[in-house]
Amino acid sequence: MSAQDKRDTTELVQSSLQRRYAREKRFRFFGLAAITASLTFLAVLLITITLRGLPAFKQTFIQLDITLDAKTLGTDENPDTDALRKANYNGTIKNSLLALFPDVKKRADKKRLYKLVSNGAQYDLQRKVMADPSLIGETFTIWLPVGDDTNGYIQGNIDTTLPEKKRRFKDNQVQWVETLKENNQIERRFNYTFFERGDSREPEMAGIKGSLFGSMLTLTVTLLLSFPVAVATAIYLEEFAPKNRWTDIIEVNINNLAAVPSIVFGLLGLAIFINFFNLPRSAPIVGGLVLSLMTLPTIIISARAALKSVPPSIRDAALGVGASKLQVVFHHVLPLAMPGILTGTIIGMAQALGETAPLLMIGMVAFIVDVPTSLTDPATVLPVQIYQWADLPEKGFVEKTSAAIMVLLAFLIMMNAVAVYLRRKFERKW
Amino acid sequence: MKARNVSLAIAALTTSVATTLLSGNALAQSTRDQISIVGSSTVYPFATVVAERFGQTTKFKTPKIESTGSGGGMKLFCNGVGVEHPDITNSSRRIKKGEYDNCQANGVTDIIEVLIGFDGITLANSVESDQIELTTKDIFLALAKEVPNPNGEEGLIDNPYEKWSDVNPELPELDIEVIGPPPTSGTRDAFVELAMEGGCKKIESIAALADTDKDTFKEVCHTIREDGVFIEAGENDNLIVQKLEANPDALGIFGFSFLEQNSDLVQPSYIDGFEPTFESISDGSYPVSRPLYFYAKKAHIGVIPGIEEYLLEFSSEGAWGEEGYLADKGMIPLDEETRTTSAASIAKFETLVLE
């Protein structure tokens, strides 16, 4: 190589150097821009949901003096349970409102006045009286939840500068509420209802307990079914199965199943579990079965990857000191692969927690008021509850929807945090 | 030691799975003490209110209501008699002859039909713009895929209208932009059938087709343009309201109860001279409203506890009356006479016969 050539190469390198640096800079910039963009979207999403959802954790109550006279209730002095259940509690609430504002005479105004108190408040009263029937004939003070519009007004969602015709909350209602506020008869409290009750058509009475329990029951079934089956499949395929065409076909199929749209599993569940095995519709057991079909491939694939990443030297050493194949797998390989398997399982479960499409087919997209207690009780799950609330006209459900999303996100973050923790704790490097 | 624990844990899990699977058959349904309701998502917001009340004020469990759509619900309902089949299906249209025949073929012979009220479908825009007065003819001309040639020649051409003022000089000079539900939605079906077809019939050249060539008539009247003027926004009516708020020039199509709840954000357009109100929908002068029904299986009365009481609760004046709680939720009540006669026929469990 002559001196001339040498100088040329250096020049060549030097001249391209700038371009190469620029390229790297550009790449870094794009990467950074991508991350910033996604973080911004995430932040916007989380902030809007939190801002919308936060008010739902508080509820407005109104203080009323209720007189439970048998005449208004439409019962006799010592009513039986059925009569107590049917009694006209709404009438007593209306009377007590009229007693507060005796000037209200017109029918339309009366109707507006009654709307201050929630439609569901009568059932709070009903529960109280049914627990203690001796209250009949007494007068007592009670805090009852306010109606949806009133709650919206107190939270400042209603623009009172708009002309009255365009508002759902009218001038006289504003006046009444302001009077009540001055008398300290209106209070904001923590919304226990939201965590203690099932679904309702009154936003102020709706809670997520029903769907939360439904999700838990469903996920328990999913976990109990998919985890052992998936781990057993992975161990067999990875450690014992001969490598031939059959195992290849099985492998391809498992990978394909992981990519099947989830609604297909719902259709399968409808055909097999409900139509063939006659299991009840809307039951967590069927939901769990369907979701475990969906999560199985995810767990199998991650379990196989985890088993594969255990170095062969571990197996050789164990075999070398006389362990049987089974002992090698269960005493050495599986424990070392466990963190990876658990991570895969938790991610699969988190996926199942957020799933709605397959549940539509098996009847879990439903209005269910009672909190499910067994695997065959009708139930719905958290994401379905969110979907249903988002579809209802009442304004109060907007904040309830966001609040339910917050709860669902909290669960997902918790599950993913557990996955990260397990991986950190048990991870081994060779 | 650790390895032993892990394998023990796995063994325990597997056993529990085995028991779950084995007990699976034992879980098969033989009795049910809860009413099972399926059907229309339009009736859902009303039926759920009744169900909740029913659960609170009687000794029976709160009915379970699945929102499957009218067609899907009818299919489930007509599958047969027995605890594994639903007791009641909600519908935002009357049962079709084919569905009725299917029901009969599967042994669901005695069906109680209940007309519960009406649901108005509204065209609305943001309160920031002016209220618009439309006719069904304007709606058809603005939204149909093919319209009569505006220069008077015979035959249909692809919809050329871009502004409302092109359709009808009295309308504002605004781009036509309508946000509505997709074809899978019952609201869309009803809108097409009532508003579009209603306008279609007012155009002589097309109306003449109704007698001679029914298929073409339907196709022309029921096909909405696909050039981006009509925007499909998904089944969620709340979403449409939000979009109108963001875009004051657009009109949106949604149910009357959403209009009521959002009167601070949106205002209805007049259609054929009428604004959608309780009165105008109830007496039929507002042209775009649809009937709401539910169908109950007579064979299940006495087998599943509470059906009879549910029917009575639904048809009580406190529920479906003019001052009832369903009206509070935005359902348009039937007139008093119809209510009285149908409540009487429900109490007698009169069944439906379709010829």
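Q: A polar contact is a pair of N or O atoms within 3.5 Å; within protein, one atom must be able to donate a hydrogen and the other to accept it, and residues adjacent in sequence count only if both atoms are side-chain atoms. How many residue pairs meet this between chain B and chain A?

A: The count is 20 residue pairs in polar contact, both residues being at pLDDT 80 or more. A word on the source: this is a predicted model, where local features need pLDDT of at least 70 and side-chain atom pairs count only at pLDDT 80 or more, while totals for chains, interfaces and linings use all residues. Residues are numbered from 1 along each chain as its sequence is written, chains are lettered from A and ligands numbered from 1 in the order in which they are written, and side-chain values use heavy atoms, with hydrogens and water left out.

Q: What makes chain B and chain A count as being in contact?

A: Contact means heavy atoms within 4.5 Å. By that rule, 53 residues of chain B are in contact with 53 residues of chain A.

Q: Which elements supply the chain B side, and which gives the largest share?

A: Helices (DSSP runs of H or I, at least four residues) and strands (runs of E, at least two) are numbered from the N terminus. Those giving two or more residues are H1 (2-24), H2 (44-57), strand E2 (64-66), H11 (237-246) and H12 (256-261) of chain B. The largest share, 12 residues, comes from H1(B).

Q: How do you know what area chain B and chain A bury between them?

A: Buried area is the accessible area (1.4 Å probe) that two parts lose on being put together, summed over both. Here that comes to about 4,900 Å², with 53% of it on carbon and sulfur atoms.

Q: Why is the pair Arg107(A) and Glu323(B) called a salt bridge?

A: The rule asks for a side-chain nitrogen of Lys or Arg within 4 Å of a carboxyl oxygen of Asp or Glu. The closest N and O atoms of Arg107(A) and Glu323(B) are 2.9 Å apart, so the pair meets the rule. Across the interface of chain B and chain A there are 7 salt bridges.

Q: What about Lys181(A) and Glu178(A): how far apart are N and O, and why can the two residues be described as about one helical turn apart?

A: Their side chains meet in a salt bridge at 3.9 Å, N to O. The two residues are 3 apart in helix H8 (residues 171-182) of chain A, and therefore separated by about one helical turn.

Q: What makes strand E4 of chain A and E2(B) a pair?

A: Two strands pair if DSSP finds at least two bridges between them. Strand E4 (residues 366-367) of chain A has 2 bridges to E2(B), and the strands run antiparallel. Phe367(A) stands opposite Ile65(B) in E2(B).

Q: How do you know where the domains of chain B lie, and what do they share?

A: The bounds come from an automatic or database domain assignment, which gives domain 1 (32-119 + 291-347) and domain 2 (120-289) of chain B. Their C-alpha centres lie 30 Å apart. The area buried between these two domains is about 830 Å², of which carbon and sulfur atoms give 54%. Asp119(B), Gly330(B) and Ile332(B) supply 55% of the area that domain 1 of chain B buries against domain 2, more than any other three residues. Between the two domains the count is 0 salt bridges, and there is 1 residue pair in polar contact.
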